[in-house]
There are 4 protein chains.
Amino acid sequence: MTLKCDLQYGKGDASYKLTRVGVRNVRKPVVIRREGLGSQLNNTLSCSIDIFVDLPAEQKGSHMSRNVEVLNEVVQESMVNPVTALEDFAADICRRLLVHHEYAQNAEVHISAEYYKPNKTPQGRDTFEIYTLLAGATIVRGGPLRKTIGVRAVGMTACPCAQQTVTEMLEYSGDMPVMSHNQRNVCTLEVEMPEDVGIEAEDLIDLVEASFSTPTFELLKRPDEGQVVINAHRNTKFVEDMVRGVLERFVAKYADLPDDVVVDVKSNSEESIHKHDAYAERYATLGELRMENQ
Amino acid sequence: MTLKCDLQYGKGDASYKLTRVGVRNVRKPVVIRREGLGSQLNNTLSCSIDIFVDLPAEQKGSHMSRNVEVLNEVVQESMVNPVTALEDFAADICRRLLVHHEYAQNAEVHISAEYYKPNKTPQGRDTFEIYTLLAGATIVRGGPLRKTIGVRAVGMTACPCAQQTVTEMLEYSGDMPVMSHNQRNVCTLEVEMPEDVGIEAEDLIDLVEASFSTPTFELLKRPDEGQVVINAHRNTKFVEDMVRGVLERFVAKYADLPDDVVVDVKSNSEESIHKHDAYAERYATLGELRMENQ
Amino acid sequence: MTLKCDLQYGKGDASYKLTRVGVRNVRKPVVIRREGLGSQLNNTLSCSIDIFVDLPAEQKGSHMSRNVEVLNEVVQESMVNPVTALEDFAADICRRLLVHHEYAQNAEVHISAEYYKPNKTPQGRDTFEIYTLLAGATIVRGGPLRKTIGVRAVGMTACPCAQQTVTEMLEYSGDMPVMSHNQRNVCTLEVEMPEDVGIEAEDLIDLVEASFSTPTFELLKRPDEGQVVINAHRNTKFVEDMVRGVLERFVAKYADLPDDVVVDVKSNSEESIHKHDAYAERYATLGELRMENQ
Amino acid sequence: MTLKCDLQYGKGDASYKLTRVGVRNVRKPVVIRREGLGSQLNNTLSCSIDIFVDLPAEQKGSHMSRNVEVLNEVVQESMVNPVTALEDFAADICRRLLVHHEYAQNAEVHISAEYYKPNKTPQGRDTFEIYTLLAGATIVRGGPLRKTIGVRAVGMTACPCAQQTVTEMLEYSGDMPVMSHNQRNVCTLEVEMPEDVGIEAEDLIDLVEASFSTPTFELLKRPDEGQVVINAHRNTKFVEDMVRGVLERFVAKYADLPDDVVVDVKSNSEESIHKHDAYAERYATLGELRMENQ
């Protein structure tokens, strides 16, 4: 029996266009090829994927199952030819969506996955730390594809202002950095770029971690714990400093990238002295950033 | 002792502008004045509030505590003069932010709060149902203020396509609507508008609930439960239909609103036949919507 | 038409007993009567309620809708006679469940609600802080009812060990407490007791807040912020210390409570130097605690 | 420099014993060896791990970093000798904890990880579905080790009662199952057992999936979607039925397991006709279950 519900094709009354229609939170294991220390730990990424296309006014419904069919194709292929970059994987899905949804003018894909990276504590001990990779792509039919790669990392910020206030209150005049409040900070850096640009997600992790008061570590024995605390208090950061630090490092590192690359940096401190969070964000093109700080 | 950490004013090296700096998830009880059945249940809304201003390149830090000072002022005032509309409360905060952050050019406020509304089941039984109110405001110094009011509601969608497929598969030719899959749908409608426009959040709830296959209810005795199920299967909806239904009702109801009102409708079905969700969204000005469907 | 689905009464094949059957996350506004400063802010609590009864082996189904009917009764009554203690409200629901589910031998109720409490910063500034109330009750038919009242509070812990390590590493010999790592700690205290015992939830909040390195505050101007940071570093606490501090204060304050009162204290530090949490818990009767530390 | 903060050993004033002290939500990639279709997709599981030991009254603090050291050891070893069962991995950690925490009398470990399993739709199409594995172990010094293996699966339940009510309301007398409400159900099955017992997690998944009205699938083309809906309506299930179905299948399948095995089954339906959930649970020894239903 061949069954085909053709309700989606119904064209009776024209209605409104829809900006995006699709599926959210589809879970897929994607086989990737990494080199070096983290290779064995990240050979399969468990991805949560959202995919959407637009819908013209005259069509009743989108073909939802085609979204998952496209996903299955690319996931199967990753088992034979492992993926090297999650944003290229997203770009591949995006192009196929326009083939399978012949009525669509736009397609977009968002992927998030947990990722482990080997690291060293200040005293040289090996650790593996966890991060979130954020990848995506958007395309307009007949136009260019834009892809996105990003990372989310957890680190520490120590407050410069409380440190200065305490120094005054305790009338301390030595050269030891005094106590402050410090806390978990979650920083997200996402970069949108033309398809031919290549950025390595691990470089973005390094760049974000260099901008915290200190990165954090799963395993810290005494001297390492002390050193992490000292490092943080010698390198206090507002959330504003954190975002600007990421921007500065990004602009310096990627001098070759074109001006139309878009950077979004978000820093959220889960304040230890408050029950609420402190937050800063910059969303800008690389061209704008270059103009601001020459 | 007068202490003043002036680090935020530091102007040493110019750096990058920041798009938004502020606090997130500040919890505040806001006293509101409602009329009718829901008045006693909503006299104090427990609000989660985000507030941000921008930061110029030459200033090191934003004055974070001023954000909460402004909040405390307006919350104290609400105890004497209860708030009548949460979006006007957001607008009030927004204006005061520009006064207290003299260096800022923009301010924005986002509020969410749980809200109870009396309702009737199909057979006339009284219930109280829960919704989320979403309110906000943005302002540019010297420019106009835009405010936002929105609602999030949970209801049911039953799938038209599975119903048609099952009808064919079972070769049923009667006039009873046959089985389909049905599930929780979470629909969000947000409206951004000029300050002088007034929209009642309860009207938005009604409009969203009318667009589900059926609204849902906390208490359903047998005949009500049966009726809800029958209603849903006589009124099957894709997520696409759900969004368009909200748009149609919105355009029809608010014929007097200006073209520059912005509408964002999102419908997310937590599919019973899948582990992932189905999703549709339209983001458009009222002017665009009026052009599309005349 | 009178419809009655009697499937729940089906007795065909005996099957297994069920430990608990019911509804979860029912949202209800409960009108309460509080005195003093917090009265206007907490006149209606938005409660999330779970209620369960057991099910004998020979009965096919529980009557789910009766659970919500019972809830509606007590919520309606709270509008006329506001509730004075959330645990007594839970106890009332529990007794009615056994009346409406004539086949059940046990009933249990769990309630959580956000709660605002006025507080003073170290320098005397007024704030309102947010907490979670946790209330419940369990009953065995023909046996005693036990009720539970609890609180969840967010505060700060500063680490004693890192402080000592840093002191050694920097060879500091002055009397100023040096830097350490500090972070958000979420502490939960729940007390299960016979029905005739009365405990005031606000007292439990005070007792938990006294056990942090320092409580935290929504609004801190400079000198207050400095003082909070200094207080924390003069009063460093492991999660273990935190739990024992709550136990000591509890045992001291409630000398009149019977030995069969059950205390559960949980302290979770969202570590600033790690991406994971540190945790400690004690679950014991008051009698056991009294024996341990005489 | 050798630094050793010995605060944890402080024995000044005796205080209270603590039930559990440790770390929560440590993220680790664990290399496992699976056979068959799912092998490539699950070669590394991203695990969230909680580990605790108790603390005697006379010891000030637990040695938190030893917990992560133990974890690092076993994770490193898994890279050379992949783990074959997550509960044996948990048991291994548990034993090592008692060695490293010489003062502890108890240790416990809880692990959760996402897991992909190949499946077939009703019409034979291949899919990969996602599940959560739950593993753990507890040990008392000098006593036996108990380990736990469990699964969490998402499927569909269709309501028998609404179906009967609708049949009556519409006065339908044919033999087609009529419409009902149906929804996502999340079912958790956990089994605690002596160390020498072996249970395969994939068997538990099968057993849970057989107890839904129907399992659900990521990809369903028309005839498959129709068949899933028909299957569900021919196999309606209360949450109570769901739990009993799992119990029956478990008791039948594991006739060889000892009476002291403990089974915990939880079924939570995210009701499509309500905003709240329906829930049933049975917690019992296998011996008790065998007595009840002979």
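**Chain contacts and symmetry in the predicted model**

The model is a predicted one, in which local features need pLDDT of at least 70, side-chain atom pairs count only at pLDDT 80 or more, and totals for chains, interfaces and linings use all residues. Residues are numbered from 1 along each chain as its sequence is written, chains are lettered from A and ligands numbered from 1 in the order in which they are written, and side-chain values use heavy atoms, with hydrogens and water left out.

The contact between these chains takes 32 residues from chain D and 32 residues from chain A. Chain D and chain A bury about 3,000 Å² between them, 51% of it on carbon and sulfur atoms, the buried area being the accessible area (1.4 Å probe) that two parts lose on being put together, summed over both. Across this interface of chain D and chain A the rule finds 6 salt bridges, each defined as a side-chain nitrogen of Lys or Arg within 4 Å of a carboxyl oxygen of Asp or Glu. A salt bridge joins the side chains of Lys28(A) and Glu218(D), at 2.5 Å from N to O. The interface of chain D and chain A also holds 18 residue pairs in polar contact, with both residues at pLDDT 80 or more; a polar contact is a pair of N or O atoms within 3.5 Å, where within protein one must be able to donate a hydrogen and the other to accept it, and residues adjacent in sequence count only if both atoms are side-chain atoms.

On the side of chain D that touches chain A, two or more residues each come from strand 1 (18-31), strand 2 (44-55), helix 1 (64-80), strand 3 (106-120), strand 4 (126-140) and helix 5 of chain D. Helices (H or I, at least four residues) and strands (E, at least two) are DSSP runs, numbered from the N terminus. Helix 1 of chain D gives the most to this side, with 7 residues.

A rotation of 180° with 0.0 Å of shift along its axis superposes chain D on chain A with an RMSD of 0.0 Å, copies being superposed by least squares on the C-alpha atoms of residues with pLDDT of at least 70 in both. Of the residues of chain D, Thr44(D) comes closest to this rotation axis, its C-alpha lying at 3.4 Å. Chain A can likewise be laid on chain B by a turn of 180° and a shift of 0.0 Å along the axis, with an RMSD of 0.0 Å, which is the relation of a two-fold axis. For that pair, Tyr283(A) is the residue of chain A that comes closest to the rotation axis, at 10 Å (C-alpha).

Helix 3 (residues 160-169) of chain D is mostly covered, with 7 of its 10 residues buried, that is, under 20% relative accessible area, with exposed over 50% and partly exposed in between (1.4 Å probe, protein chains only). The buried residues of this helix pack against helix 5 (222-233) of chain B together with strand 5 (145-158), helix 5 (222-233) and helix 6 (239-253) of chain D.

How values were computed
Contact = heavy atoms within 4.5 Å.
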